[in-house]
Amino acid sequence: MTEPVRLAAGDPAPDFDLPTDDGGRLALKDLRGDKVILYAYPAAMTPGCTKQACDFRDSLASLQKAGYRVVGISPDAPAKLAKFREHDALTFPLVSDADKSVLTAYGAFGEKQNYGRTVQGVIRSTFVIDADGKIERALYNVKATGHVAKLRRDLGLD
């Protein structure tokens with residue numbers, strides 16, 4: 001299996017400017033000055049991705065109080081992301097990376113194991129980006145369930 005790029009603490013976060021679930025666009029440079037949690041997930045409205053998104057939604061107030069903004073990224077089209085946001089009352093932006101170039105730049109797209117087979121796909125990952133646009137934490141192959149609680153502990157929020 002070819003290993004994708006792996007980001008590490010101190011690396012510059014790859015820039016992006018992507019369409020959002022609400023018909024707008026969101027660029028990393030627009031978030032400069034804020035700490036950002038960018039999480040990559042395979043597909044909107046699937047059980048694991050829904051659980052993870054709802055965990056972020058339910059933790060959003062405390063994450064925001066600690067100065068973090070949350071952004072979800074997947075290859076889904078903006079219209080599907082809008083349905084996901086509406087269906088699960090998500091209160092943070094979702095961005096669409098249809099060509100997977102940003103996911104690839106973050107090391108969150110590539111070969112992975114899925115039910116014992118090697119496939120190409122989104123590698124469930126979370127990136128904590130500091131206010132200057134540098135990677136603070138890069139977490140790959142995270143679990144959909146329990147990940148947000150662990151992240152909160154790791155960030156000293158619990």
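Here is a short tour of this structure, in numbered points, for someone meeting it now.

1. **What kind of model this is.** Please keep in mind as you look around that this is a predicted model. The points below start with the whole chain and then move to particular residues.

2. **The order of the elements.** The chain contains 4 helices and 9 strands.

3. **Overall extent and surface.** Along its principal axes, the C-alpha trace spans about 40 × 35 × 30 Å. The accessible surface comes to about 7,600 Å², and carbon and sulfur atoms account for 51% of that surface. Of the 158 residues in the chain, 47% are buried.

4. **Contacts across the sequence.** How much of the contact between residues at least 6 apart in sequence joins residues at least 24 apart? The share is 63%. Two of the points below give examples of residues that meet across such stretches of sequence.

5. **Charges.** The chain carries 22 positive and 21 negative charges. The mean position of the positive charges and that of the negative charges are 4 Å apart. Side chains of opposite charge can pair when their charged atoms come close. In this chain the count of salt bridges comes to 7, and three of them are described next.

6. **A salt bridge between distant parts of the chain.** The side chains of R69 and D34 form a salt bridge, with 3.1 Å from N to O. This pair links distant parts of the chain, as its partners are 35 residues apart. R69 sits in strand β4 (residues 68-74), whereas D34 belongs to the loop between β2 (25-27) and β3 (35-40).

7. **A salt bridge within a helix.** K150 and D154 pair through their side chains in a salt bridge of 2.8 Å, N to O. Where do K150 and D154 lie? Both are in helix α4 (residues 147-154), 4 residues apart, which is about one turn of the helix. K150 counts as partly exposed because its relative accessibility is 43%. D154 is partly exposed too, with a relative accessible area of 31%.

8. **The R57 and D58 pair.** Another salt bridge joins the side chains of D58 and R57, at 2.9 Å from N to O. Is D58 buried or exposed? With a relative accessible area of 56%, D58 is exposed. R57, at 25% relative accessibility, counts as partly exposed.

9. **Two residues with positive phi.** Most residues other than glycine have a negative phi, and most peptide bonds are trans. M45 has a positive phi near 65° and is not a glycine. M45 is in the loop between β3 and α1 (47-65), where its relative accessibility of 37% makes it partly exposed. A89 is also not a glycine, yet its phi is positive, at about 50°. You will find A89 in the loop between α2 (78-87) and β5 (94-96). At 46% relative accessibility, A89 counts as partly exposed.

10. **K80 and its surroundings.** K80 is part of helix α2 and is partly exposed at 32% relative accessibility. Which residues does K80 contact, leaving aside its neighbours within four places in sequence? They are A44 and M45, and M45 is the residue with a phi near 65° from the previous point. K80 and D21 are 59 residues apart in sequence, while their C-alpha atoms are 7.7 Å apart in space.

11. **A105 and its surroundings.** A105 lies in helix α3 (residues 101-105). Its relative accessibility is 31%, so A105 counts as partly exposed. Not counting residues up to four places away in sequence, A105 touches V5, L7 and P14. The C-alpha atoms of A105 and V36 are separated by 17 Å, and these two residues are 69 apart along the chain.

Notes. Residues numbered from 1 in each chain as written. Predicted model: local features only at pLDDT ≥ 70, side-chain atom pairs only at ≥ 80, totals over all residues. Heavy atoms only, no water. Buried < 20%, exposed > 50% of the residue type's maximum accessible area, 1.4 Å probe, protein only. Contact = heavy atoms within 4.5 Å. Areas by Shrake-Rupley, 256 points an atom, 1.4 Å probe, with all protein chains shown as cover. Lys, Arg positive; Asp, Glu negative; His and termini not counted. Charge placed at Lys NZ, Arg CZ, Asp CG, Glu CD. Salt bridge = Lys/Arg side-chain N within 4 Å of Asp/Glu carboxyl O.
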